[in-house]
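Q: Please go through this structure and say, for each label put on a residue or a pair, what the label rests on.

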Amino acid sequence: MAATLKEILLDSSRRPAVVTDFEGLVDAEVSDKGGVSGAVVKTGFAAVKKIKPGIIPAAVDTLLDDFAGALEPFYGDYKAKGGNDFGAYLVGRGDEASDALLSVTDSRADKSSRDSIKKVYSKLRPNGKKNVEEALPRLGQLIDKHAANA
């Protein structure tokens, strides 16, 4: 059994499945958004995908190492406490977990050389924390799934 989140998510034999699952998570979270803010997220998401087809799986793959690093302290604490539902654990620490994940995307957006990406990200970012917090249960379930197969 893999001991760390990095071992679970970044193992070369599992990484393609992890990336595919994370892409599905992003698609599902965007699809579930409603109301005016949901329309903004859906429009921004569609714009990003139109700017560069295939950008979502490529971005997930590129960011996966940093996301795993950002979540590693949470996963270590969760395992040390004998947890059995990482999604519930993340929800319980939603403020900290979402900040950790957003620090990764904020850093990448700041470093991007593509003004179009920066513009779309800056429009989506104000609701980013709420959106990430809403995704934490699914994220935890996805990680639990891959941990069970590790």
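A: One definition comes before the rest: a salt bridge is a side-chain nitrogen of Lys or Arg within 4 Å of a carboxyl oxygen of Asp or Glu. The model is a predicted one. In the model, E29, D32, K33, K130, E134 and R138 are linked in a network of such salt bridges. A search of the whole structure finds 16 salt bridges.

Q: What makes K33 and E29 a salt bridge?
A: Their side chains meet with N and O 3.9 Å apart, and the cut-off is within 4 Å. The pair therefore counts as a salt bridge. Both K33 and E29 are buried.

Q: Why is the pair of K49 and D27 called a salt bridge?
A: The closest N and O atoms of K49 and D27 are 3.7 Å apart, and the definition asks for a distance within 4 Å. The pair links distant parts of the chain, with K49 in helix 3 and D27 in helix 2, 22 residues apart.

Q: Are K49 and D27 buried, partly exposed or exposed, and how do you know?
A: Buried means under 20% relative accessible area and exposed means over 50%, with partly exposed in between. K49 has 35% relative accessibility, so K49 counts as partly exposed. D27 has 28%, so D27 counts as partly exposed too.

Q: What makes R93 and D77 a salt bridge, and which parts does the pair tie together?
A: The side chains of R93 and D77 meet at 3.4 Å, N to O, and the cut-off is 4 Å. R93 lies in the loop between helix 5 and helix 6, while D77 lies in helix 4, so the pair ties together parts that are 16 residues apart in sequence. R93 is partly exposed at a relative accessible area of 24%, and D77 is partly exposed at 23%.

Q: How many aromatic pairs are there, and what is the rule?
A: Rings of Phe, Tyr and Trp pair if their centres lie within 6.5 Å. By this rule the count comes to 5 aromatic pairs.

Q: Why is the pair of Y75 and F86 called edge-to-face?
A: The ring centres of Y75 and F86 are 5.1 Å apart and the planes stand at 90°. Planes over 60 degrees apart count as edge-to-face, so the pair takes that name. Y75 lies in helix 4 (residues 55-80) and F86 in helix 5 (residues 86-92), so the pair ties together parts that are 11 residues apart in sequence.

Q: Why is the pair of Y78 and Y89 called tilted?
A: Y78 and Y89 are 5.7 Å apart, centre to centre, with 55° between the planes. Stacked needs planes under 30 degrees apart and edge-to-face needs over 60, so an angle of 55° leaves tilted. Y78 lies in helix 4 and Y89 in helix 5, so this pair also ties together parts that are 11 residues apart in sequence. Y75, Y78, F86 and Y89 form one aromatic cluster.

Q: What makes F22 buried, and what does F22 touch?
A: F22 is found in helix 2. At 9% relative accessibility, under the 20% cut-off, F22 counts as buried. Not counting residues up to four places away in sequence, F22 touches L9, V60, L64, L139 and L142. F22 and V60 are 38 residues apart in sequence and 6.9 Å apart in space, C-alpha to C-alpha.

Q: Why is R15 called buried?
A: R15, in helix 2, has a relative accessible area of 17%, and buried means under 20%. Leaving out residues up to four places away in sequence, R15 touches L9, L10, D61, L64 and D65.

Q: Which residues lie nearest the centre of the largest pocket, and which classes make up its lining?
A: The largest pocket is lined by 38 residues, of which A59, L63, F67, T105 and Y121 lie nearest its centre. By class, the lining has 26 nonpolar, 6 polar and 6 charged residues. Helix 4 gives the most to this lining, with 9 residues.

Notes. Residues numbered from 1 in each chain as written. Predicted model: local features only at pLDDT ≥ 70, side-chain atom pairs only at ≥ 80, totals over all residues. Heavy atoms only, no water. Phe/Tyr/Trp six-rings, centres within 6.5 Å; stacked < 30°, edge-to-face > 60°. Helix = DSSP H or I, 4+ residues; strand = E, 2+ residues; numbered from the N terminus. 1 Å grid on protein atoms, 1.4 Å probe; cavity = no way out; pocket = protein on both sides within 12 Å on 5 of 7 lines; lining within 4 Å. Nonpolar A, V, L, I, M, F, W, Y, C, P; charged D, E, K, R; others polar. Buried < 20%, exposed > 50% of the residue type's maximum accessible area, 1.4 Å probe, protein only. Contact = heavy atoms within 4.5 Å.
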